[in-house]
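Work through the exercises below with the sequence and the 3D view open. Try each task before reading its solution.

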Amino acid sequence: MCGIVGYIGTRQAQDVLISGLSKLEYRGYDSAGVAIRDGGHISVEKKAGKLANLATVLEQRPLHGTLGIGHTRWATHGLPNDTNAHPHASEDGKIVIIHNGIIENYLPLKEALLKRGHKFSSETDSEVLVHLIEEKYQQAGGDLYEAVRLALGDVRGAYGIVVTHVDHREIVAARTVSPMVMGVGEGEMFLASDVPALLPYTREMVFLHDGDMVVLHDDGFKVTDLKGNEVRREIEHIDWDAEAAEKGGYDSYMMKEIYEQPNALTNTLIGRLHDDTGQVNLDINLDPASFKRISIIACGTAFYAGMVGEYLIEQLARIPVDIDVASEYRYRNPLVSENTLAIVMSQSGETIDTLEALREAKKYGAKTLGIINAKGSSMTREVDDTLYIHAGPEIGVASTKAYTSMVSAMLMLALWLGRARGTLDETAGRKLLHSARELPRLVEAALEPERVENIRAIAEKYADSRDFLFLGRGVNSPTAYEGALKLKEISYIHAEAYAAGEMKHGPIALIDEHMPVVVIATESKLLEKTISNVQEVRARKGRVILLLSDGDTENARYGDDVIYVPRADEMVSPVVNAVALQLLSIFIAQKLGKDVDKPRNLAKAVTVE
Ligand code: M6R
């Protein structure tokens, strides 16, 4: 995790670094620091806690200089305190580094460095880098780029590393696994872990690849591989609206992103579903007859979107699908062959477990497809093809719009496969395609003020509960899992989810008058059975919050409270239902006074194992 910013140019570096880091706090926020070079001196300032702590110190005692590097940390090795915060400096104070990732062999490296007389001041794995670079700098005759390159030859692990030296007006950076993008300006250059940090300054960007090194000067850059060979990287124009990366009037990124969903879904679907011809055009280079099974691999919310995908693909395209959480897939010796299509799903495209699982699948010859949001991310460069979800930057740690866009992408993929393989007839295909095209409108309806206020009132009524149960069936059992995850991560209330029919096999023991049970009972072929499960909850005095389709007055009597959602085809309903559960969670969390954008212990992109 961690966020990185670097600047060289004519502006005061401090301003660029603080502004850039403020856009990256979603990557980690337990401490922050900057190093700024002013002629013959590098000053370092770092502070535990959120970026605001550092910003306050810098307001009182500004650091002057037009070259600097900055970091916002998510701790892996060592407590989140001032000392372990980055940047880390060499013993003579001449070299400073910031690092995102994990140096896996840092212990033997540290022991060897200690033996050679180095003194460590922090408990981090990252600090070995600065001591190694200091040694290599001597060997390389004072060539900073070469020193970093040689040092990286000794390390194993993941890194986005940015280095500067008091005697050189340059920044040297490198990445393996951890993301890094470079911004190109007029007489100035930028680096960051993610695009939003650079949008106020430039739209011309270079996405660095795994194994890239780069040297930045005021007026240009040079990219090489780790062997020192020059490599060519294109400058891309990024047309994201800077406003799109800000909160835009909402009290949190998460709320803003919930409301962005009609738009995000439009972007996901646009140009891909053709009502007139009934065709799905995904613009992916995939032969639907070239694989016999599909493996879906993802983590967290993306995994639950994958569960919906599993259901949809099996229903519509009749291909066997298995689904794994990426962290398990890597180590379970999965059955993969050239006949497997491995689909990795990820908002960030950087989640290390998913990335490594992708590599595992490729090793055995699987064809690979990414369902990914972040343009230019690591996964997009390693898959055979990408079905971008185009949800736009998602800053809130709790994923919302990426989830509904991923589910919609899966729906399109299932439709496409079903039609291409002849398992979905034209009439049914056209009907479903039409329902999918309706999604932005349905979600917009789900966000109408009256509905939102009803959910807010219900949330406030139940906010003091200690536990929640979420139940759903069929294509909406993943919706229950996703609803429970949302509530857990932002409110810290314990929540569990089950396929409703499974409840009687154990979880029913938990139910008493204190247990709110959220039941997804929207229109479906299993609705009657779901209502029977609701009766079982009521018989044990559980408090039922029912999600019903508009107009279902019949079943409303079984709920202590009812959330009505727009009526939707069962196959597209997970998208609409998820929105109601997102609102329920955010209102509960807000009622409890939680910071929904920065839930404790979490980070937006989990780039460590
Ligand atoms: O970037 P990814 O989609 O690969 O992230 C996967 C999970 O880490 C992520 O979905 C996580 O579970 C979110 N906090 C959920 O809201």
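**Exercise 1.** Which polar backbone atom lies 3.1 Å from an oxygen atom of the ligand? Find its residue.

*Solution.* Note first that the model is predicted. The backbone atom belongs to threonine 301. A polar contact needs two N or O atoms within 3.5 Å. The pair at threonine 301, at 3.1 Å, involves a ligand oxygen. Now turn to side chains. Threonine 351 places a polar side-chain atom 2.4 Å from an oxygen atom of the ligand. Lysine 486 has a side-chain N or O atom 3.1 Å from a ligand oxygen. Next, take the area. The ligand alone exposes 410 Å², and the protein buries 90% of that.

**Exercise 2.** Describe the shell around the ligand: how many residues surround the ligand, and which elements give two or more of them?

*Solution.* Start with the site: the ligand sits in the second largest pocket. Helix H8 (300-317) and helix H16 (477-491) are the elements that give two or more residues to the shell. H8 gives the most, with 3 residues. In total, 13 residues surround the ligand. The closest are Ser346, Gln347, Ser348, Thr351 and Glu489. Sort the shell by class: 4 residues are nonpolar, 7 polar and 2 charged.

**Exercise 3.** Classify the ring pair of phenylalanine 190 and tyrosine 201: what are its centre distance and plane angle?

*Solution.* The structure holds 6 aromatic pairs. In the pair of phenylalanine 190 and tyrosine 201, the ring centres are 5.3 Å apart and the planes meet at 20°. Planes under 30 degrees apart count as stacked. The pair is therefore stacked. Now place both residues. Phenylalanine 190 is in strand S10 (residues 189-192), and tyrosine 201 is in the loop between S10 and strand S11 (204-207), so the pair ties together parts 11 residues apart in sequence.

**Exercise 4.** Find two backbone exceptions: where do proline 87 and asparagine 333 lie?

*Solution.* Begin with the rule. Most residues other than glycine have a negative phi, and most peptide bonds are trans. Histidine 86 and proline 87 are joined by a cis peptide bond, with omega about 5°. Proline 87 lies in the loop between strand S4 (67-73) and strand S5 (88-89). Asparagine 333 is not a glycine, yet has a positive phi of about 50°. Its place is the loop between helix H9 (326-329) and strand S19 (340-346).

Terms used
Residues numbered from 1 in each chain as written. Predicted model: local features only at pLDDT ≥ 70, side-chain atom pairs only at ≥ 80, totals over all residues. Heavy atoms only, no water. Near = heavy atom within 4 Å. Polar contact = N/O pair within 3.5 Å; in protein donor to acceptor, adjacent residues only side chain to side chain. Areas by Shrake-Rupley, 256 points an atom, 1.4 Å probe, with all protein chains shown as cover. 1 Å grid on protein atoms, 1.4 Å probe; cavity = no way out; pocket = protein on both sides within 12 Å on 5 of 7 lines; lining within 4 Å. Sits in = over half its atoms within 2 Å of the grid points. Helix = DSSP H or I, 4+ residues; strand = E, 2+ residues; numbered from the N terminus. Nonpolar A, V, L, I, M, F, W, Y, C, P; charged D, E, K, R; others polar. Phe/Tyr/Trp six-rings, centres within 6.5 Å; stacked < 30°, edge-to-face > 60°.
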